[in-house]
Amino acid sequence: MTARVALVTGGTGGIGTAICRELANQGHRVVTNYRNQEKAQAWQAEQKAAGFDMAIVPGDVSDFDSSADMVKQVEDSLGGVEILVNNAGITRDTTFHKMSGMQWQEVMRTNLDSCYNVTRQVIDGMRGRKWGRVLQISSINGQKGQYGQANYAAAKAGMHGFTISLAQENAKFGITVNTISPGYVGTDMVMAVPEEVRAKIVAQIPVGRLGDPDEIAYAVAFLAAEKAAWITGANLAINGGHYMGW
Ligand code: CAA
């Protein structure tokens, strides 16, 4: 297989870490970003102890200039980004009638503006090399909406609009662009939902449990593979049957 340079944003999080490890297992050179240096170093040491050699560079994906610096550092040290996973995301859950402008903006900037900020830095290189994989990690709640997540659901739905436009523009350059929409996965983000609310959500999942981060990472590796060249503009739902669109 061809070893590629893979940039996974938000790689230190629950799903992000699993994605980094799975892409490394496929033989790719994996890099992620950090905003908090201390947390990043601890994460990198943890990966090393588990046998993974991950690169990590500073960068705030909600900021265009910071994203430009981040990608420049990656390209200077590893080479052009060939696989980009737009994974970084946050929640600021609250019902809309109580939502502050800050809660709306933080989520839009980190979850949706980030797709512009980071992808814009790598797309010319991918087009020039005539190969690329761009993946958006969206959410079941971008597909079905969620009480308390008008900001998050809007951003996550927006990510797929981004996917299907980029997929059309870049198909002839050997670049595929896809969305993965995970359901409720057992990460810190989901565990922060109040327990009684979470129990009601899990009761709606036909498979009967939260997802495992590895179950999302597996699909990222699949869509990033050379042989996935004819899959573009797709939105892959991985949610234990919680929401079945078609
Ligand atoms: N449908 C209908 N009513 C609901 C509801 C739902 N899904 N959820 C809550 N309510 C009702 C409650 O029963 C309560 O009703 P009463 O006032 O009649 O008793 C009322 O809404 C509470 O409303 P408030 O405006 O007072 O809400 P709150 O401030 O207490 O908190 C909340 C609301 C923050 C949204 C809380 O319910 C919550 O955390 N919900 C979970 C949101 C969620 O799923 N987040 C996902 C995080 S993980 C993630 O995002 C990853 C991913 O991609 C899947």
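Reply: The discussion below concerns a predicted model, and it begins with the cores.

Me: Which residues have the most contacts inside the largest nonpolar core?

Reply: In soluble globular proteins, nonpolar side chains tend to be buried together. Here the largest nonpolar core has 27 residues, and those with the most contacts inside it are Val8, Ile19, Leu23, Val85, Ile180 and Val220. Among the elements that give two or more residues to this core are strand 1 (5-8), helix 1 (14-25) and strand 4 (83-86). Helix 9 contributes the most, with six residues.

Me: Which residues are linked with Arg4 in a network of salt bridges?

Reply: The network links Arg4 with Glu82 and Glu226. Between Glu82 and Arg4, the closest N and O atoms are 3.0 Å apart. Glu82 lies in the loop between helix 3 and strand 4, and Arg4 in the segment before strand 1, so this pair ties together parts 78 residues apart in sequence. Arg4 also meets Glu226 in a salt bridge, at 3.0 Å from N to O. That pair links parts of the chain 222 residues apart.

Me: Are Arg4 and Glu82 buried or exposed?

Reply: Because buried means under 20% relative accessible area, Arg4 at 10% is buried, and Glu82 at 13% is likewise buried. Glu226, at 34%, is partly exposed.

How values were computed. Residues numbered from 1 in each chain as written. Predicted model: local features only at pLDDT ≥ 70, side-chain atom pairs only at ≥ 80, totals over all residues. Heavy atoms only, no water. Core = buried A, V, L, I, M, F, W, Y, C linked by side-chain atoms within 4.5 Å. Buried < 20%, exposed > 50% of the residue type's maximum accessible area, 1.4 Å probe, protein only. Helix = DSSP H or I, 4+ residues; strand = E, 2+ residues; numbered from the N terminus. Salt bridge = Lys/Arg side-chain N within 4 Å of Asp/Glu carboxyl O.
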